[in-house]
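Subject: Structure handover

Hello,

Please find the structure below. My notes on it follow.

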Amino acid sequence: MEFPDNRLLVELCGDHDRHLARIETQLQVALTPRGNRLAIEGPQGAQAVARSVLTSLYAQLERGRPIDEGEIDGAIRLARGRQLQVESGEIDEAEAAARDSADDSGEEVVTRKRRIRARSPRQGSYIDDLRRCELVFGLGPAGTGKTYLAVAVAVSMMLEGRVDRIILSRPAVEAGERLGFLPGDMKDKVDPYLRPLYDALYDMLPSDQVARSLQSGEIEVAPLAFMRGRTLANACVILDEAQNTTPVQMKMFLTRLGENSRMVITGDMSQIDLPLGVPSGLRDALDIVEGIPGIGIVRFTDADVVRHPLVTRIVRAYAERDKDLGLQAHDQPRRKR
């Protein structure tokens with residue numbers, strides 16, 4: 001491969017060629033710099049994926065966007081997805097090459113603190129559904145960006161004036177620990193359950209803006225139980241950890257949707273913390289609403305995990321163990337109280 005700008009090629013390679021080393025390790029290819037060229041050696045399919053990754057990352061650098069390890073991992077996931085599409089005949093090689101160099105701003109979410117891009121094909125579909133559909137379900141294992149991307153799109157919609165407020169909620173169910181005797185007022189008791197939602201907000205907005213918005217009610221973080229009796233209009237409403245709702249709670253939440261509002265429900269059916277014998281409201285809702293026009297449902301897999309690569313291997317190992325035991329996600333043993 002030949003690259004016209006040597007300065008950008010240096011950035012593409014990284015310090016001491018660390019970016020190339022990361023691509024080599026993940027794709028089992030050898031990348032050798034030769035002037036303004038890179039030689040690719042390895043199996044034919046891996047060569048095609050490596051070429052796609054390098055083209056995509058170089059195009060990103062041309063648009064003035066720096067790359068890091070996360071961007072490289074994301075480019076590899078996207079390139080592998082395109083290669084599978086080529087092999088299945090869904091797209092041809094020319095279209096795949098065009099997508100490698102295309103501007104990915106359609107799959108980008110802009111907030112005050114960062115620009116967030118899709119790092120897998122399903123993340124791209126998820127972002128599209130979040131912008132297009134009034135009700136979206138994001139399902140799958142930890143680390144796939146279900147909640148993070150939902151909060152990012154909600155923040156961008158508020159900044160654009162498309163909604164007036166953001167409401168983030170979670171069922172207050174302990175994951176194996178009893179927190180009911182924590183000291184403090186009601187806010188102090190429920191905040192531990194809601195901490196991941198605060199973390200996502202602080203990643204999107206300056207801390208002082210988050211504090212002002214929380215105080216004014218422009219952003220609200222509340223347990224699911226506080227949603228009863230409300231009609232949520234002109235808002236982006238996100239329910240996280242929805243696998244821990246009961247069918248009654250889920251029906252209550254779904255019927256809160258008001259005018260000019262968006263609702264996002266995220267969950268992982270392999271991490272249910274409900275008491276033994278209590279059915280999950282998330283599974284119940286999916287059985288009822290799947291197929292209704294205007295509802296988006298995106299199912300992530302371990303291939304979409306965007307955290308540390310070890311997390312992907314851990315998720316895959318658990319899935320293989322459960323498969324060997326003949327367990328489905330909704331059949332997972334639930335802890336007793």
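**Notes on the model**

N260 is found in the loop between helix 10 (247–254) and strand 9; helices (H or I, at least four residues) and strands (E, at least two) are DSSP runs, numbered from the N terminus. Its phi is positive, about 50°, although N260 is not a glycine. Most residues other than glycine have a negative phi.

This is a predicted model, in which local features need pLDDT of at least 70 and side-chain atom pairs count only at pLDDT 80 or more, while totals for chains, interfaces and linings use all residues. Residues are numbered from 1 along each chain as its sequence is written, and side-chain values use heavy atoms, with hydrogens and water left out.

D17 also has a positive phi, near 60°, and is not a glycine. This residue sits in the loop between helix 1 (6–13) and helix 2 (18–27). At 33% relative accessibility, D17 is partly exposed.

The count is one cavity of 30 Å³ or more. A cavity here is a set of points, on a 1 Å grid over the protein atoms alone, where a 1.4 Å probe fits but cannot get out; lining residues have an atom within 4 Å of a point. Grid points are joined across faces, edges and corners, and the volume is the space filled by probe spheres set on the points. The largest cavity holds about 40 Å³. Its lining includes L130, C133, E134, R262 and M263. Helix 7 (146–159) and strand 9 (262–267) each supply at least two of the lining residues. By class, the lining has nine nonpolar, no polar and two charged residues, where Ala, Val, Leu, Ile, Met, Phe, Trp, Tyr, Cys and Pro count as nonpolar, Asp, Glu, Lys and Arg as charged, and the others, Gly among them, as polar.

Q123 lies in helix 6 (residues 121–132) and is buried, at 3% relative accessibility. The C-alpha atoms of Q123 and L149 are separated by 8.2 Å, with the two residues 26 apart along the chain.

I314 belongs to helix 12 (residues 309–324) and is partly exposed at 41% relative accessibility.

Regards

Note on methods: On a 1 Å grid over the protein atoms alone, a cavity is a set of points where a 1.4 Å probe fits but cannot get out, and a pocket is an open set with protein on both sides within 12 Å along at least five of seven lines; lining residues have an atom within 4 Å of a point. Buried means under 20% relative accessible area, exposed over 50%, partly exposed in between (1.4 Å probe, protein chains only).
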